[in-house]
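Please examine the sequence and the predicted model shown here. The explanation that follows is meant to be read with both in view.

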Amino acid sequence: MLETLNQPPAAASPALVEVVKVTKIYPPDVVALKNVSLSAAKGELVFLTGPSGAGKTTLLKLLCRQEIPTKGLIEIDGNDLNNLSDNDIQKLRQRIGVAYQDFKLLPRLSVFQNIAMPMEVQFKSPGEIRSRVTELLEKLGIREKQHKPAGKLSRGEQQRVAIARAAASSPLLLLADEPTGNLDAATTGLVMALFQELNDNGSTIIIATHDESIYQGSNHRKFELKQGELF
Amino acid sequence: MRFALFIFTQTLRNIRHSWGVQLMTLLTVILSVLIFSFFYLIYSNMLQAGEKFGEELRLTVYLQASLSPAQQQEFTEKVAAFGKVDRISFITPEQAFQRLARQLGNDSDVLADLNPAFLPFSAEIYPHKDIRNLTRIKEFAEYLKNLPGAQKVQYGQAWVERFGHFVKLLRFIVIISGTLLILTTMFMVSNTLRLTLFARQDELKVLRYLGATNSYIKGPVLIEGFALGLFGAGLGLAALFFLFQWIRNHFSSAGFLQLFELRFLPMTNSAIILLGSIMLCTLGSLLSIRRLLKK
């Protein structure tokens, strides 16, 4: 039954994300994930739910190759993450947008510069960068903050900048770790609308959250993690 | 083109964020280049002076008796057997006497009652530049002294030796200061850039998470190193030029500086110092970023 639930719908596109029997143990013996298998189709939006410490963040770190699994296989768009060269990892990361729980913004750079970074590393044209960043600033309601250093913003604003940066290059896969943790209901609505728009345009989105309000009543698949295991 | 634009923008951003440390490194490079090229300038001027003195160097062989033209020819052949000479002049006692009188000028009347025959017959030998170094000159003098009929050989030994030792000392200082300054510059540039990179470690980590390639991260750092080398050496050489002009304007008419014409470093040597500095600083920056990317 679990196996069936964790597979993408039969009629959906081929899988973009494949996680097969993945275990992650941190030294000396902290089991963060145990035998986790799941997959997400191209253009699918899925929720990864569960209480704090369930292993959601660890799973997202494994998906963007920030960590490597102790056991098991992870494939993104057909690429086995365990067997990628350094250069290939960087190329793959350019196609993955990540909104980190701790934001990972550069505090001395402006909001605009922070959001532009993923596009800069891909050498997009300055015009393209300007218009995309401005569009995202508008959509997330932080346009008037664009010249402010990211370090001077409130946590809610920083969270929106982190989300905008993850979405900036319209990635193939977007991973969002507790994206609404610091946001009020109205701003949560803006963020979810942005995710929906990206998803409609073909991005695969995995949202790790324990905020029931954003996944209750939605038609998207949910994976529930508890103590490192998938239920 | 776009790659170059991004790398350039990123470089300017980096320099703006760490301008204090960058300025200190630039000053270090300027000072290193200035010290090294200052010693090198003295050394090259000394070499030039040595060459000039070498052209005027002659060995005088005092002979026991006058030589007939046939004997002079034989003597010339024996001298040439050691090595090439530019010219040999035979000076008779009369010629030597006249020369002495000229040198004495107004005091030449002291020679009034003297017979020129008290002066020996001599040969003045102007060696070819191949045998103008100190060791060869000494060997040549020894050889001449042992020729039949030779009584004494003079060539201003003490002065030539002192000058030779001074040039040797300068060469030693240039080599030592050059080596030390090269090592210091590389160490300083590499460590300063490493410090600035260390302060930007979080930024580099984020850049890696966003998919920045090694060339995207390395590029600006290498350009920083290149710019440090270029401006450091350029300003160092410019400072040396102004120092040189000042010395020439204020001291060229004083004492021993009158003996030779002061010249600035030739363009080729200045270009070599500039390129060397650029290479060292770029290498220093490459070392620092490689160490950091390996972590």
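Residues are numbered from 1 along each chain as its sequence is written, chains are lettered from A and ligands numbered from 1 in the order in which they are written, and side-chain values use heavy atoms, with hydrogens and water left out.

The interface is taken up first. The size of an interface is often given as the accessible area lost when the parts come together. Between chain A and chain B the buried area is about 2200 Å², with carbon and sulfur atoms giving 61% of that figure; buried area here is the accessible area (1.4 Å probe) that two parts lose on being put together, summed over both. Chain A brings 22 residues to the contact and chain B brings 21 residues, where contact means heavy atoms within 4.5 Å.

The rule finds 8 residue pairs in polar contact across the interface of chain A and chain B, both residues being at pLDDT 80 or more. A polar contact is a pair of N or O atoms within 3.5 Å; within protein, one must be able to donate a hydrogen and the other to accept it, and residues adjacent in sequence count only if both atoms are side-chain atoms. On the side of chain A that touches chain B, the elements giving two or more residues are α3 (86–93), α4 (111–121) and α5 (126–139) of chain A. Helices (H or I, at least four residues) and strands (E, at least two) are DSSP runs, numbered from the N terminus. The largest share of that side, 5 residues, comes from α4(A). By residue type, the side of chain A that touches chain B divides into 9 nonpolar, 6 polar and 7 charged residues; Ala, Val, Leu, Ile, Met, Phe, Trp, Tyr, Cys and Pro count as nonpolar, Asp, Glu, Lys and Arg as charged, and the others, Gly among them, as polar.

The interior comes next. In soluble globular proteins, nonpolar side chains tend to be buried together. A nonpolar core is a set of buried Ala, Val, Leu, Ile, Met, Phe, Trp, Tyr and Cys residues joined through side-chain atoms within 4.5 Å; buried means under 20% relative accessible area, exposed over 50%, and partly exposed in between (1.4 Å probe, protein chains only). The largest nonpolar core has 54 residues, and those with the most contacts inside it are Ile115(A), Leu174(A), Phe195(A), Ile207(A) and Leu207(B). The element that gives the most to this core is α4(A), with 7 residues. Leaving aside residues up to four places away in sequence, Ile115(A) touches residues including Val133(A), Leu136(A), Val161(A) and Ala168(A). A second, separate core of 33 residues includes Ala40(A), Leu60(A), Leu63(A) and Ala208(A).

Because 10 of its 11 residues are buried, α4(A) is largely enclosed by the rest of the structure. Among the buried residues are Asn114(A), Ile115(A), Pro118(A) and Glu120(A). The cover over the buried residues of α4(A) includes α5 and α6 (155–167) of chain A, together with α1 (2–17), α7 and α8 (214–251) of chain B. Just after α4(A), Phe123(A) takes a positive phi of about 55°.

Charged side chains complete the picture. Side chains of opposite charge can pair when their charged atoms come close. The side chains of Arg95(A) and Asp77(A) meet in a salt bridge at 2.6 Å, N to O. Arg95(A) is partly exposed at 35% relative accessible area, and Asp77(A) is partly exposed at 25%.

Across the interface of chain A and chain B the rule finds 3 salt bridges. Arg108(A) forms a salt bridge with Glu203(B), the closest N and O atoms being 2.5 Å apart. Arg108(A) is partly exposed at 37% relative accessibility, whereas Glu203(B) is buried at 7% relative accessible area.

Within chain A, Lys139(A) and Glu197(A) meet in a salt bridge at 2.6 Å, N to O. Lys139(A) lies in helix α5 of chain A and Glu197(A) in helix α7 (residues 185–200) of chain A, so the pair ties together parts that are 58 residues apart in sequence. Salt bridges that share partners join Arg132(A), Glu135(A), Lys139(A) and Glu197(A) into one network.

Key
This is a predicted model: local features need pLDDT of at least 70, side-chain atom pairs count only at pLDDT 80 or more; totals for chains, interfaces and linings use all residues. A salt bridge is a side-chain nitrogen of Lys or Arg within 4 Å of a carboxyl oxygen of Asp or Glu.
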